[in-house]
Amino acid sequence: MTEAPMRLWEVFIRSRNGLAHQHAGSIHAADAEMALQAARDTYTRRGEGLSIWVVPSAAITASDPGDKDALFESGASKPYRHPTFYTVPDEVGHM
Amino acid sequence: MYSQALDQRDVQRADSQREAGESPDRLARFQARVEAEEKIEPNDWMPEAYRRTLVRQISQHAHSEIVGMGPEGNWITRAPSLRRKAALLAKVQDECGHGVYLYAAAETLGVSREELVDQLLTGRAKYSSIFNYPTLSWADIGAIGWLVDGAAIMNQIPLCRCSYGPYARAMIRVCKEESFHQRQGYEIMVTLCRGTAAQRAMAQDALDRWWWPVLMMFGPPDAESQHSDQSMRWKIKRFTNDGLRQKFVDATVPQARYLGLAIPDPDLRFDEAAGHWLTGPIDWAEFRRVLAGGGVCNRQRLEARRRAQQDGAWVRDAARAYAAKHAAPAREAA
């Protein structure tokens, strides 16, 4: 007999002060408080973090991999958005 | 962490309905992505057989972590010192965490945690045969860390480069945490081997019992491992069972010699030309028997899992009820 599912949460951890929270994995828990506890036990057993965020997985809207070209292709065709596109005379030095 | 190449007989059994939409063109594009070392992510298109293979391999791996807490948990209350006890507790807690990372990776393929747990508890899912052997003495804890975790690390390092992103990321995390497991085990063996004659005998006895089952952890020989090829093409596997087994033997024989222990294999010899330690024949009949449920502890291990699931049911029920109760007023206030 399969049990009723527990909610799924995504776990984000800030490893050091000054760094952004990064996705670490997911966890099942009935509520946010339990999710924080479970995230701490699962993802920070060796001092990996200073701060944890938990977010219900269902609250995340993700882009469709099928739209990858439409969304991101244009970035690749605009080299003038990168500093290396522009030439600066050597005499000017580092810029 | 204990991945094992278990038998994968149904990997290529055609799931004709879902695979009907898999045109040769689509399959070729998928294969090209894999060969370009692009990671496949959960929402990407993938062949059904690839998905099935991964669900089975990752969940078996997860089950192995969870069941693997049993043999070692057996010695937590009888660890010979506080230092050993703290280390063993931390190791068993890691195994639980590794099981959870892996279940989460499997769930990204569209299978629920509850379903996976159910498969284990009803005996439909397999786990590594090594955990169906008993831990009879404290030296077994040393031997498990040194040999079982050592073999697991050999298996897992290449899995960090697996083509499926979530599995590869889980394995990176696991491998980082795992090296302490092997070192603590070897330290136990060193301590015993420097101890009294009785302690050395205990260490030798543990090696005698664990050596062959550990070699079996790498799975059946390549000649019999029918689906190894497909997993290699999909870059789920990077090395063959026999290749990994050989690496393990080559690394372990000198470690046993340092301990002054004898490997229980009269045929073991060093092949100068190949630069490898060659073992005698492995008893694959035993491997199949244990995998099929005929090991010393198969029943005990599953019973322990079922009991844990049952005993924890009220906690999960209470957590769900508490969450529902506190969610209701929040909705009213909003």
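Colleague: Which residues line the largest cavity?
Modeller: This model is predicted, so local features need pLDDT of at least 70 and side-chain atom pairs 80 or more, while totals for chains, interfaces and linings use all residues. Residues count from 1 along each chain, chains are lettered from A and ligands numbered from 1 as written, and side-chain values use heavy atoms without hydrogens or water. A cavity is a set of 1 Å grid points where a 1.4 Å probe fits but cannot get out, and lining residues have an atom within 4 Å of a point. Lining the largest cavity are V34(B), E37(B), E38(B), K39(B), R161(B), S163(B), K235(B) and R238(B).

Colleague: How many cavities of 30 Å³ or more are there?
Modeller: The largest cavity has a volume of about 30 Å³. At a cut-off of 30 Å³ or more, the structure holds one.

Colleague: Which helix gives the most to the lining of the largest pocket?
Modeller: A pocket is an open set with protein on both sides within 12 Å along at least five of seven lines. The largest pocket has a volume of about 1,200 Å³. Its lining has 37 residues, with R113(B), V117(B), R305(B), Q309(B) and R316(B) nearest the centre. Six residues come from the top contributor, α6(B).

Colleague: Where does the largest share of the second largest pocket's lining come from?
Modeller: The second largest pocket has a volume of about 940 Å³. Among its 31 lining residues, H23(A), A24(A), G25(A), S26(A) and R169(B) lie nearest the centre. The largest share is seven residues, from α8(B).

Note on methods: Points joined across faces, edges and corners; volume = space filled by probe spheres on them. Helix = DSSP H or I, 4+ residues; strand = E, 2+ residues; numbered from the N terminus.
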